[in-house]
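Reader: I'd like to learn how to read a model like this one. Could you walk me through a few features?

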Amino acid sequence: MNLRGVDTFLFDLDGTLLPMDIDEFTELYFKEMSKVFSDLIEPERLVKYVWAATKDMINNTGQRTNEEVFVESFAKLVGEDKIHIYKDRFDAFYDEGFLNTRQCVRDVPFMRESVRILKEKGYDVAIATNPLFPKKAIVHRIQWAGFKPGDFIYISCYENNRFCKPNVGFYQEVLRDIGKHPHQCIMVGNDVQEDLVAASLGMKTFLITDYLIHRTDEPIECTYKGSYEDFYEFVKQLPAAGKHQGA
């Protein structure tokens with residue numbers, strides 16, 4: 001286990017720190033959202049517009065925040081004169097209807113314990129979830145996973161970030177924001193395409209296999225991989241941060 005210099009763990013959220021089936025979550029997410037917008041737009045068109053604006057966020061090149069890109073894109077679809085109404089509804093949705101998606105979350109203590117042990121051992125821990133959601137939605141999910149926002153030195157969100165996964169610019173942005181170099185970090189995630197791209201910067205990676213997402217038949221290349229329990233055992237064996245002896 002050669003982890004010399006590593007002092008920071010970057011965590012994906014959905015399917016990693018927050019055990020859930022993403023397809024189940026997505027279905028319920030749009031079902032709940034459609035209720036809030038039912039008097040403004042039919043569900044099929046709402047879903048189509050949200051996906052279109054989300055695609056524009058994913059293609060963000062860093063000139064504006066993801067939030068700015070989403071709102072501008074959505075406004076073109078629903079009309080500039082109506083966007084303030086939709087923004088208010090989205091805000092209300094993340095305070096209320098969104099909370100019902102919690103029923104998709106599974107209770108797996110291994111990741112909670114892993115983060116606790118890492119912090120005990122002096123490691124920094126950060127949330128590097130794909131910043132497609134407002135911070136309030138991400139904070140809800142952090143809490144559902146059994147954490148407090150203050151447990152983490154950084155939380156990605158669409159208000160602050162200007163790139164999305166799998167753009168390597170997202171990871172460069174996170175590293176810059178937390179003042180770390182790639183060799184200091186391990187990216188932990190369950191999505192082969194979105195999370196393991198961090199390795200291209202020189203970051204080590206740990207692929208969580210319980211809710212694995214892999215969109216191609218290409219071989220998987222990661223530094224480490226295993227279940228939630230495997231990650232927990234991995235963390236237990238780590239020395240305190242700053243006391244690595246190499247392999």
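Author: Gladly! One term to start with: contact means heavy atoms within 4.5 Å. Keep in mind that this is a predicted model.

Reader: Which elements cover the buried residues of H9?

Author: Among them are strand E1 (8-11), helix H5 (109-120), E3, E4 and E5. The buried residues themselves, in helix H9 (residues 228-237), are Tyr 228, Phe 231, Tyr 232, Phe 234 and Val 235. Seen down the axis of H9, they fall within an arc of 160°, so they line one face of the helix. The general idea is that an α-helix has 3.6 residues a turn, so residues three or four places apart point the same way.

Reader: Why is strand E4 largely enclosed by the rest of the structure?

Author: Four of the five residues of E4 (residues 204-208) are buried, so the rest of the structure largely encloses this strand. Strand E3 (residues 185-189) runs parallel to E4 and is joined to it by four bridges, with Met 187 opposite Thr 205. Strand E5 (residues 224-226) is also parallel to E4, through three bridges; there, Phe 206 has Tyr 224 as its bridge partner.

Reader: And how do I read pockets?

Author: Rolling a probe the size of a water molecule over the atoms shows where empty space is left. Here, the largest pocket holds about 980 Å³ of space. It is lined by 41 residues, and Tyr 29, Thr 54, Asn 130, Leu 132 and Phe 133 are the closest to its centre.

Reader: Which element gives the largest share of that lining?

Author: H1 does, with seven residues. By type, the lining divides into 21 nonpolar, six polar and 14 charged residues.

Methods:
Residues are numbered from 1 along each chain as its sequence is written. This is a predicted model: local features need pLDDT of at least 70, side-chain atom pairs count only at pLDDT 80 or more; totals for chains, interfaces and linings use all residues. Side-chain values use heavy atoms; hydrogens and water are left out. Buried means under 20% relative accessible area, exposed over 50%, partly exposed in between (1.4 Å probe, protein chains only). Helices (H or I, at least four residues) and strands (E, at least two) are DSSP runs, numbered from the N terminus. Two strands pair if DSSP finds at least two bridges between them. The arc is that of the directions from the helix axis to the C-beta atoms. On a 1 Å grid over the protein atoms alone, a cavity is a set of points where a 1.4 Å probe fits but cannot get out, and a pocket is an open set with protein on both sides within 12 Å along at least five of seven lines; lining residues have an atom within 4 Å of a point. Grid points are joined across faces, edges and corners, and a volume is the space filled by probe spheres set on the points. Ala, Val, Leu, Ile, Met, Phe, Trp, Tyr, Cys and Pro count as nonpolar, Asp, Glu, Lys and Arg as charged, and the others, Gly among them, as polar.
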